[in-house]
Amino acid sequence: MPSDILIVDDEDDIRHLVAELLRDEGYTARTARNSDEALAEVATRLPDMVLLDIWLDGSRLDGMGILSEIVRDHPGLPVVMFSGHGTIETAVTAIREGAYDFIEKPFKSDRLLLVVRNAIEHAKLRREVADLKKRTGGDAELIGTSAAVRQLRHTIERVAPTNSRVLVTGPAGAGKEVAARRIHTHSRRADAPFVVLNCAIMTPDRVEAELFGAEPGALGPDTPRKLGLFEQAHSGTLFLDEVSDLPMETQGKVVRALHEQRFTRLGGERPIEVDVRVVAATNRDLASEIQSGRFREDLFYRLNVVPLRVPSLKERRDDIPELARHFMARAAAMSGLPPRSLGADALAVLQAGEWPGNVRQLRNVIEWLLIMAPGDGQTEIRAEMLPPELGAGAPVLVNPSEDGEIMGLPLRDAREVFERNYLKAQVARFNGNVSRTASFVGMERSALHRKLKSLGINTSS
C-alpha cells in the first residue's frame, strides 16, 4: 500500500507541485491550505507523514501550532517542516518541538524525496521497535531475589533519581543494558528518550556522525541533515554500550561534549546545546585499557561518577528458576506456543551450569527448549531434554557416558559414582555453600562435609 502524505501550504502552486511530484513517485498525496483543513484531514484518516509549511496566511494556527497539536495527539506521526523564510534558529526550534526535519524553500525535488523516504522509514522502524517491546514485555525488568540482585536493585534506586553519570560493568550477557534502562525508567527523565549506541558494531568513520549528527551535504552530495544521538537523547538518557570500543579521536570529542553539554554537527559551525544524561557500559577492564593507551583517562573519570557492577549468572544461581520461568513466558508469547514447565531435575542442572554467556545464554536455551524439547505443551521438560552442551562444563546428576561403567560395577562402587556426581551437581548449584546443600539434600552439615571430603569434592565454605 503506498504511503499517504499530507501537504499543508497556503500557496496553491506549492501544494499542487509537491503533490504531483509525490504521486509520480508512487505516494498518495492529500493537501490542506490552513490549520483547520489540516487537522480535519488528520482526524479523518491519519497520514503516514505530514509536509508542513511554517507560515500560513489566513490560518487560525501557524505551522508550529499545527506541529504542537500533532505531536500531542499523534506522537509517532513524522512531520517535515518547510519555509521560504526559515533561519537556523527556526529549524532548531521546529526539530526541538518534535519535527523530523526542516527544509528551506526553494528545495530540490531530490532532496525533498530523500527526506520523505527517510521520515517514513524512521517512523516505520519506531513502530516496529515499540511493537517488539510490547510483545517481549519491556527491557527494564530486573528479575531475581538473590542477594546480588537485591544489592544491584538498591544501588539503581539510589542513583536513578540523580543526574549522575553511571558506568555499568559486568561480563557479556549479564544484563548491563537492562540495568541502564532501569536507571532511565526510575529517573526524572523517564518520559524522555532512551537512546542506545552499540560502539562495538560501529565503524570508526560512522561513529561521529551517529553521535553528533551532520549538516546537509556533510556525508555526501544532497544528503539531508542528520540528527545525532546526542540530539535525539535531549532531556533523556544516552546509553553508550561497549564504550571501550570508541575510537580515540571520538573519545576526545565525547569528553568535550560531556564537559560543555554542547557540540557541533559534522560540517557545521553553530554549537548545539543539549541536556543529556550518559550511562556507559563495558565488559572490559578500563584501567588496563587506559594503561595500554586504548582508552582516555579523562573520559573514564567523566563516565565513572557512579560505578555499577552487574553480577554474572554464576553469582546469582538462586535466580535461575525465576529467570527460566520468565523467559519461558516471554518466548511463548512471542512464538504463539503454549509455555512449558521445567522439572526439578532440569532446574537443578540449569542451576549447576557454568553459563559463560550469562543471562543471554539462559534466555536462548529456554527459547530452544520451548521449540525443540520433545513432547507437547503438557509435557514437563526433564534434565535429559536439555541441550547436550550444558553438561560440557558442569557436573550432572547422571552422566549418560558413565551409564555403561555403572552397570559394570558392584553396587557399592556404582553408588559412589552416583553420589559423587549427584553431590557435585548440588554443591555447584548452591555455589559451594555446604549449609544450603545439606538442607536441600536432607543431611546434617557435618555429615555432608565428611561425605564430600571422602568423595574428594572441594567446596568454598
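Student: Is Phe-107 buried, exposed or partly exposed?
Tutor: Phe-107 is partly exposed, because its relative accessible area is 21%. Keep in mind that this is a predicted model.

Student: What kind of pair do Phe-418 and Tyr-422 form?
Tutor: Phe-418 and Tyr-422 form a stacked pair, 5.9 Å centre to centre with 20° between the planes.

Student: Where are those two?
Tutor: Both are in helix α17 (residues 411-429). Because Phe-418 and Tyr-422 are four residues apart in that helix, about one helical turn separates them.

Student: How accessible are Phe-418 and Tyr-422?
Tutor: Phe-418 is partly exposed, with a relative accessible area of 40%. Tyr-422 is partly exposed too, at 24%.

Student: Which residues do ring pairs link into a cluster?
Tutor: Phe-212, Phe-230 and Phe-263 are linked into a cluster by ring pairs.

Student: New topic. Which residues gather in a patch of negative charge?
Tutor: On the surface, Asp-24, Glu-25, Asp-110 and Asp-222 gather in such a patch.

Student: Where is Asp-24, and is Asp-24 buried or exposed?
Tutor: Asp-24 is found in helix α1 (residues 12-24). With 65% relative accessibility, Asp-24 counts as exposed.

Student: What about the nonpolar patch, which residues form that?
Tutor: Leu-337, Trp-368, Ile-371 and Met-372 form a nonpolar patch on the surface. Together they have about 400 Å² of accessible area. Met-372, one of the four, is in helix α15 (residues 358-372).

Student: Last one. Where is Leu-266?
Tutor: Leu-266 is in the loop between β9 (262-263) and β10 (272-273). Leu-266 is partly exposed, with a relative accessible area of 24%.

Student: How far apart are Leu-266 and Arg-316 in sequence and in space?
Tutor: Leu-266 and Arg-316 are 50 residues apart in sequence, and 45 Å apart in space from C-alpha to C-alpha.

Terms used:
Residues numbered from 1 in each chain as written. Predicted model: local features only at pLDDT ≥ 70, side-chain atom pairs only at ≥ 80, totals over all residues. Heavy atoms only, no water. Patch = residues over 30% accessible without salt bridge, like charges linked within 9 Å, V, L, I, M, F, W, Y side chains within 5 Å. Areas by Shrake-Rupley, 256 points an atom, 1.4 Å probe, with all protein chains shown as cover. Salt bridge = Lys/Arg side-chain N within 4 Å of Asp/Glu carboxyl O. Lys, Arg positive; Asp, Glu negative; His and termini not counted. Charge placed at Lys NZ, Arg CZ, Asp CG, Glu CD. Buried < 20%, exposed > 50% of the residue type's maximum accessible area, 1.4 Å probe, protein only. Phe/Tyr/Trp six-rings, centres within 6.5 Å; stacked < 30°, edge-to-face > 60°.
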